[in-house]
Amino acid sequence: MEITWWGHATCTVEDSGVRFLTDPLFARRFAHLRRRRGAVPPPEAAHAEAVLVSHLHADHLHLPSLARLAPGTRVFVPRGALAAVPALRRLGGRGLRLTELAPGESAAVDGVRVRAVPASHDGRRLPVGPQRSPALGYVVEGEARTYFAGDTGLFDGMADAVGPVDVALLPVGGWGPFLGHGHLNAGRAAEALAALSPAAAVPVHYGTYWPIGMDAVRPHEFHSPGDEFVRHATLIAPKVAVHRLGHGERVRPEVAR
């Protein structure tokens, strides 16, 4: 299996010949955010058999990026997303195969199982809107078991809810100078790593987007989370092989099943 990090929470997970794309975000700029590191992913990054959307925030469910997917692509979204974001239904009308999942539910893509797991995060479509849809993580179960956490904080029973995994894609930062409730910083992500105890991990969700005009506000929160995660993980989860990727880089983690 192979993992490519394109920046922010966008990764390609290829397992058993099936490509899964997580939270695709292919914009140089959107809303108040500007991509400050890494090129916008190339067109081939949008090629996938299935897409995993963790929650409805615009940097995770980005409609223009989803519109770049080929007709027939399966797109998994949290249950309630179609009611909360009506524009998703238009994408379904253009040929995307939309499937809603709730925590504990699963589906198969060409023989590879996708399982939705809980996340501790505000899943609403911000800036307004009722809580109609949960935030999710996903576990892709093929030759390896790969956990994509989406956006989440630590929560009781996290390891039991996720189950045994071989690789963890964990958020270690954000897109602004302060992290609110329901997020992992580098230290808390290392705590999650110690609880999950996978063979390998890749830090994501940091060092890509930053608010326009705020370059000088707490810049270490942009630059340092990846290295900080490696440092914390070395101390409290030393048996886990942590792969800190650059934008567009890929890795084939060694996992034993």
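Trainee: Let's start with A102. Is A102 buried or exposed?
Mentor: A102 is buried, as its relative accessible area is 16%. Buried means under 20% relative accessible area, exposed means over 50%, and partly exposed lies in between, with a 1.4 Å probe and protein chains only.

Trainee: What kind of model is this?
Mentor: This is a predicted model, where local features need pLDDT of at least 70, side-chain atom pairs count only at pLDDT 80 or more, and totals for chains, interfaces and linings use all residues. Residues are numbered from 1 along each chain as its sequence is written, and side-chain values use heavy atoms, with hydrogens and water left out.

Trainee: Back to A102. Where is its place?
Mentor: A102 is in the loop between β8 (97-101) and β9. Strands (E, at least two residues) and helices (H or I, at least four) are DSSP runs, numbered from the N terminus.

Trainee: Which residues is A102 in contact with, leaving aside neighbours within four places in sequence?
Mentor: R79, A116 and L136. Contact means heavy atoms within 4.5 Å.

Trainee: And how many Å apart are A102 and V117 in space?
Mentor: They are 7.7 Å apart, C-alpha to C-alpha. In sequence, A102 and V117 are 15 residues apart.

Trainee: β8 came up. How does β8 pair with β7?
Mentor: In the parallel sense, over five bridges. Two strands pair if DSSP finds at least two bridges between them. R74 has R97 in β8 as its bridge partner.

Trainee: Is β7 mostly covered or exposed?
Mentor: Mostly covered. β7 spans residues 74-78, and five of its five residues are buried.

Trainee: How many bridges join β6 to β7?
Mentor: Three. β6 covers residues 50-52, and these two strands run parallel. L52 stands opposite F76 in β7.

Trainee: Now β9. Which sheet order includes β9?
Mentor: β9-β10-β11-β12-β13-β14-β16. These seven strands form an open sheet with mixed pairing. Its edge strands are β9 (106-109) and β16 (241-242), each pairing on one side only.

Trainee: What joins β11 to β12 in there?
Mentor: Four bridges, and the two strands run antiparallel. β11 is residues 136-141 and β12 is residues 145-148. T146 in β12 is the bridge partner of V140.

Trainee: What about the sheet with β4 in it? Parallel or antiparallel?
Mentor: Antiparallel. Three strands make up this open sheet, in the order β4-β5-β15. At its edges are β4 (29-30) and β15 (209-211), and each pairs on one side only.

Trainee: How many bridges join β5 to β15?
Mentor: Three, with β5 at residues 33-35. L33 stands opposite P211 in β15.

Trainee: Zoom out. How many helices and strands in the protein chain?
Mentor: Seven helices and 17 strands. The radius of gyration of the chain is 17 Å, close to the 18 Å that the globule rule gives for 257 residues, so the chain is as compact as a globular protein of that length. The radius is taken over C-alpha atoms, and the rule is 2.2 Å times the number of residues to the power 0.38.

Trainee: What does the C-alpha trace span?
Mentor: About 50 × 45 × 35 Å along the principal axes of the chain.

Trainee: What share of the residues count as buried?
Mentor: 53% of the 257 residues.

Trainee: Last one. What share of contacts comes from residues 24 or more positions apart?
Mentor: 66% of the contacts in the chain with a separation of 6 or more.
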